[in-house]
Structures are given as C-alpha cells and as structure tokens.
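Biologist: I would like to learn how to read the features of a model such as this one. Could we take them one at a time, with the general idea before the case?

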Amino acid sequence: MFEETRFEKIHNVIFQDSTEASILVAQEIAALIRDKEKQNKPCVLGLATGSSPIKVYEELVRMHREEGLSFANVITFNLDEYLPMDKGNIQSYFYFMHEHLFNHIDILEEHINIPDGSVSSEDLYQYCIDYEMKIKAAGGLDFQLLGIGRTGHIGFNEPGSHYNSSTRSITLDHITRVDAAPAFLGIENVPRKAITMGIGTVLSAKRIVLLGWGGNKAEILKETIEGEITPEVPATYLQNHDNTSFIIDEAAASELTRVKTPWLVTNCVWNDDLKLKAVVWLSELTEKPFLKLTDKDYNNNGMSGLLTEEGTAYDLNIKMFNKLQHTITGWPGGKPNADDTNRPERATIPKKRVIIFSPHPDDDVISMGGTFDRLVEQGHEVHVAYQTSGNIAVSDEEALKFAEITQSLCPECEETAAIISFLKNKTDHDIDSVEVRKLKGLIRRSESLGATRYFGLDDANVHFLDLPFYETGTIKKNNISQEDIDIMCDIISTIKPHQIYAAGDLADPHGTHKVCLDALFESLKVLKTESYMDDCWVWLYRGAWHEWESYQIEMAVPMSPDQVLRKRHAIFYHQSQKDGVMFQGGDSREFWVRAEDRNRLTAKKYNDLGLSEYAAIEAFKRYHF
C-alpha cells in the first residue's frame, strides 16, 4: 500500500482485492448500527446498487445471521431508481435491494425507502420533494454508501449536475445506459430516465464511503481523486466533503500517480519490473525507442535515482531492451531442441499437454486465437475447456430462429413448442426457462465446435464444463461453490497439463471472467501439491476489452497477416455474437474488430519501443501459484 500524495484531494485506501475491502466497510456500517442502537437512536443509511456494494451487503447479511447484528433500528434511503420501472421487474433497484439485502435481515418494511419508478409524471415533482423531506425527518443520512460510474456519476447525478441539486428526475448519459445494457439484455431496453438523490443530498451525509473496483474504473477515479472540481465529473464534488473515503482495489487505483508513476512522488526501490515499467513510460512520454533515450530524458522526468543505480542511460536502455525482446516467441509451447535460456517458455517438454480455459464459448478465439492455432499446429496436445454455457448472451430472437427450424424438422416435439411459446410470450419479469437456457447453450456449443474444428482440434479435446455458478438465467450469478471448484479440479487432474491458459481480464462488464478466474485459482490451491503440478505453468490472457500493458507482458506471440485472418475466421463461427452482441461494454465495435485492433496496437507498441515490426501480437502474463 502506498502513502497518499500531494496529487490526491480525497482520502482513499487501496486494497489488494474487493472482498477484504468490502468486509471492512461492512464492519464500519455494523459498528455504526450498534452504536446508534446503544444510544436508542435510528441509524439512517444511504444505500447504493450496482455490482460494487454486493460484497458489503453479503457481509452484513452474514453478520446478521451469524453474529446477531440487528437492523431493527435502521432506516434506509436508496440513491436512485430507473424511470419508469415497476417494482416487480427483475432489473429494478427495488428487486436488487431485496434480493441482496432486505429479504435476509430484520429491517422493518416501513423503514425501507427506495425511489418509486412507477410514479406518474404528474406526481413526480412533489414525490421528489417528499423524498427529501423524509430524509430530513429521519434526522439526515448518518452514512452514505456510493459507487461510481464511468461518467463520474454518483447515484444517477450525471455530468452537468449542480452542486446543490436535490432529489429529482434526470436523463441518463449514453455511457451509463451502455454500462447497464447487459443487465437489460440490450441498450434498447435500458430506460432513458431515472430518479436520483441530488449531489446536495449526498453531501449532507455525515459520512460517505465510495467503492471502486476494477480497471475499468481506474481512469474516472484518477480524475475524481486528482482532478479539479467540475460538474463534468460530479464525483469530484466529494472533494468538498470532510468525511469521505474512497475504498478501491489495486486495479481501480492503477492510474493514480503514486501507483502508475511512483518515481514522480517518492524515492523508489528499483527492482527489474519497476525499471521496465519506468523505461516503457519514459519511452512513450518522449516518443523515443528504448535505445535512443538519454541521461537528460531520465533526469528531466524524475528518474535520476534510477540512473544513479544503473550508471548510464546506455546500459539501462540495453538491459531493458533485452528484457522486452526476450518476451517475443513464435513458439508459445516452447521451441524443441533450442536454447530456452532467454525464451519465455521451456523447450525441455517438446510436446506439452495444454488446457485453454475460456470463460465464455468464444473467449479462446477472441483473446488468443492466434496462439491457440499455433499450439495445435506445433503438435501440442491442446484441450479447450469452456467454463460456462454462455447462454445468457444469446438473444431471444436467435433462440427463436433455431427453435422454429427445429420445429419444422420435428413438428411433434413438445419441448420445442414449449420453447417457442415461452419466447413469444416472454415479459420483463420472466427469467428464461430451463429449456430455453438449454437451447441457448447448445447454440453456443455448436459455434464453439465450429471454431475448434477450423483450428484442427479433435472434438474429444473440447470440454464444456457448464459451471453451476453461471446457470441462474439472469445476469446476476451465484457465488462460486465447491461444485464449481470440483469440476475445475477434475479436468486439471485428468489432463495433467504442462500449460494452462486462462482469462486474467477482470474488466468484463458482468463479472463472469472474474468468477472463472477465481475458480481456477481455488482449484490450483487444491492441486498444487500434486507432483504433476510441478511442471505446470499458468499463462493469463486478457479479454476483448483490454490488453496487458507493455511492461506487464511476459510472453508475446507474433502473428502474420495470414494468422490474423485465420483468427478472424475462427471468431466468425460465433455467429450469435457477431451482430448486435449484447455485452459490448463501452465499445460499439464487434469482437473480431476489437481483437484485431488490440493485437495490432500491441505490435505497434513493441515497434515504437524499438523492437521488430509485426502485423499483430497476442500477449500473456505468467501467474505463479
């Protein structure tokens, strides 16, 4: 953990992961509830929705069940709700709060206050005034829990919100609606308006805690914590609150000056990884390749201490150039009968058993299709394990198309008729039936087999794990269970791999990548003492949204123009995801375009740093367990 610096205008604490941080926040809330209870006073909490506070709510529920924490004296006011929105809709914040918290604790129903998304336009103005008055009548907010959106919104206070704004209706920013699109199965289903507490309402709270998790929040957190106060980033208003803390994880903190460029704020202990990070940063800042950096470049940019250790820029430049150059290999499984001293992978096991873990049924080809192709071509025993069915990402229209084809081939099939009837009569309140989820999963399976066959992989080496945590029929998934871990352990112990590839991208909008990675990590803990694991290396790739930074890459696999085309064709087999895909994140490009642009950019970065020019590069970072 780093010390806060002069760049930062809001108190913040960085944690290794969100789980530990969420538990501490829940403990602070619990202590406040108990203190108010001793004083025989109500505890007034302002609560948030979204993925950020879920772990906090889980811990509060656990404390209620196992430690007797009572919520009888708690009054809650939620920040916001979509407009219009029926309480029974599974996308409503009313539903969210009851699902994650209220249904599991002893809070009084009359103490729960959530903006009503069904209020009429005629009554809306007075309703918002009444919501404000109700907060004041309760004694004001003792504690306000917040998340932060990529626009810098808190609650639904979008850019342009006034410092003194109160509870009101607001038009949602396009980026906010894009981020909500996965939960609504498409942006066209996301409401355009919402009711939200105002900035002034939030700032009236006696204590404010904002949660920020994941790399996709890093840029906006840097703007909020280090930038000037501006209505264009409403969260910056929190700089004026004297009892606010931002609780963030390492990924969310990655753009803060003290984390990204610590040599600008303090004396550093220079290990090789930090040296490479600094030299890459300096090269990009000065727009010079490694070998052209001078002593003056280092001294003028806060790195004189590094030169003191290394002697001259010339010596350091060559050392870092070689370090980066040694990450490049056309043999991701190791080159047989070659000197592997300076190669990222071992030559000592010429034919490796390989498992490529793919969270969804297309991450393998989107994120590492070129490497996948290369591993098969170079004679390794490659297995692909699709961790989830991916059924939630198949649109109802796509499923209906397949169901109607099936019905034309088998008119007497009752199950198909039931699927067609369900899809044609489906409402916002409905979760896909088991039969519909099965059909959508089969669509993803057939697409996956098309892609793996294109790469020449035998069907026997393609494994569909269908991890149970995913099979809820909604965007909200279950927590990882022992059953999930057992399934992962079983395939690893059966194959006994020399290499495992897994998605290390935690910026996935709906979190499946993170749970799949956690399932792998937990299984590795279980199996690490097995003798065959001594020869197993784990390589992490990233998903469609981000790539590893140049200084993080430990294996870079170049692709020729022909290999780029082969990867594109493999991605095209996933037709249900090609047009109008539901989980675009904040990027309107199709996955194949995004993947090619990313691989091309990685190659360009290597070339700009002074290394060879390639058409495209796929990148990996090794995980040590």
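Modeller: Two strands pair if DSSP finds at least two bridges between them, and strands (E, at least two residues) and helices (H or I, at least four) are DSSP runs numbered from the N terminus. This is a predicted model, in which local features need pLDDT of at least 70 and side-chain atom pairs count only at pLDDT 80 or more, while totals for chains, interfaces and linings use all residues. Residues are numbered from 1 along each chain as its sequence is written, and side-chain values use heavy atoms, with hydrogens and water left out.

Biologist: Over how many bridges do β3 and β5 pair?

Modeller: Strand β3, residues 74-78, pairs with β5 in the parallel sense over two bridges, and Thr 76 stands opposite Ile 112 in β5.

Biologist: What is the strand order of the open sheet?

Modeller: The open sheet has seven strands in the order β1-β10-β9-β6-β2-β3-β5, with parallel pairing. Because β1 (12-15) and β5 (112-113) stand at the edges with a single partner strand each, one side of each is left without a neighbour in the sheet. Helix α7 (residues 218-226) packs on the sheet, touching β1, β9 (208-212) and β10 (244-249), where contact means heavy atoms within 4.5 Å. The direction of α7 makes about 155° with that of β10; axes are lines fitted to C-alpha atoms, for helices over the stretch in contact, and angles run from 0 to 180 degrees between N-to-C directions.

Biologist: How is a pair of aromatic rings described?

Modeller: One gives the distance of the centres and the angle of the planes. Rings of Phe, Tyr and Trp (its six-membered ring) pair if their centres lie within 6.5 Å, and planes under 30 degrees apart count as stacked, over 60 as edge-to-face and the rest as tilted. The structure holds 16 aromatic pairs, including the tilted pair of Tyr 82 and Phe 156, at 5.4 Å centre to centre and 50° between the planes. Tyr 82 lies in strand β4 (residues 80-83) and Phe 156 in the loop between β6 (143-146) and β7 (168-171), so this pair ties together parts 74 residues apart in sequence.

Biologist: Are Tyr 82 and Phe 156 buried or exposed?

Modeller: Both are buried, where buried means under 20% relative accessible area, exposed over 50% and partly exposed in between (1.4 Å probe, protein chains only).
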